[in-house]
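Have the viewer open and work through them in order.

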Amino acid sequence: MNIPLPVALIQALSEARAVAVLTGAGVSAESGVPTFREAQTGLWAEYRPEDLATPEAFHQNPQRVWEWYQWRRDLVAKVGPNPGHDALVEMEAHITARGGAFTLLTQNVDGLHHQAGSQHIYELHGNIQRIKCAQCGIEAQGWTADESPPRCQQLGCNGLLRPDVVWFGESLPQRALQAAIEAAHACEIFFSIGTSALVQPAASLPLMALESDALLVEINPQPTPLTPRADFALQGASGEILPELVERIWG
Ligand code: BV8
Ligand code: ZN
């Protein structure tokens, strides 16, 4: 790995009592999950994710949206966590072992942080593996695949099932957002990893951390609107930088 790790960052992370981490699709890229904004492939190539991940798209063409998520669920089911996910599990273990606070705020809906073993996670945009009814909101435990999308089996409902993710124009889960805001204000170091820092309100969390005098660390191969604000902008892949950072501190 040829990205130099600033000594000041190593020092600060060795002593930090409270760390918050915001992750985006880039953290799952090295697992083989396409990032949210990179061009889609195959039969979805003609669609932009932002146009499919909306209530309007689902209302207008429930089958197309259901099948896009089914394609993503099948893809995610075939992959696993990468060294970047694993390094975050290790970082959390070391920081909590010394009595510190570690909070993982993810925009990702693929569940890979859970799979890797991270503990203190808030899924700001939901989870693609969870299915709920668009009508009564109840989580579906199973469904018959004869319809696309399948129908809710709650007595008398028969609503359309949908992924339990936050679509554009929908509010984030209140408890997760509240916890994220608190963690951003309470932390000494805030990591923004693998996110284009475009989607609100998640993209405001690093700014809240800066307002509370936290050190801001960005890990991303491309510059983002956040890069100029970062105390440490590490330009590279999370699957390379995070293991190196953990190795340097906790060896
Ligand atoms: C809301 C779930 C309102 C679905 C997603 C204020 C200002 C402007 C706009 C708004 C605003 N407030 C609200 C809006 C509208 C909108 C918004 O933010 N629009 C933006 C685009 C301008 N926000 C909303 O609608 C939110 N809702 O605020 O509701 C409201 C308020 C009150 C009452 C009612 C309503 C809801 C936002 C959530 C949308 N859902 N996902 C699904 O996944 O299908 S967001 C979607 O984008 C994904 O969750 C994704 O995680 C997220 C962010 O994208 P990134 O993770 O950053 O992914 P991206 O591809 O963009 O970038 C990847 C990065 O990784 C790149 O930089 C790349 O270089 C890097 N990378 C690549 N490889 C690697 C890597 N990094 C590290 N290592 C590597 N190897
Ligand atoms: Zn229902």
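**Exercise 1.** How far does a polar side-chain atom of Tyr 69 lie from an oxygen atom of ligand 1?

*Solution.* Start with the ground rules: this is a predicted model, where local features need pLDDT of at least 70, side-chain atom pairs count only at pLDDT 80 or more, and totals for chains, interfaces and linings use all residues. Residues are numbered from 1 along each chain as written, chains are lettered from A and ligands numbered from 1 in the order written, and side-chain values use heavy atoms, with hydrogens and water left out.

Now pick the Tyr 69 pair: it comes out at 2.6 Å, a polar contact (N or O atoms within 3.5 Å). Finish on the backbone: an N or O atom of Ala 25 lies 2.7 Å from a ligand 1 oxygen.

**Exercise 2.** Sort the shell around ligand 1 by class.

*Solution.* The shell has 35 residues, using heavy atoms within 4 Å. It splits into 16 nonpolar, 15 polar and four charged residues; here Ala, Val, Leu, Ile, Met, Phe, Trp, Tyr, Cys and Pro are nonpolar, Asp, Glu, Lys and Arg charged, and the others, Gly among them, polar.

**Exercise 3.** Which helices each supply at least two residues of that shell?

*Solution.* Look at H2 (26-29) and H5 (62-77), helices being DSSP runs of H or I with at least four residues.

How values were computed:
Polar contact = N/O pair within 3.5 Å; in protein donor to acceptor, adjacent residues only side chain to side chain.
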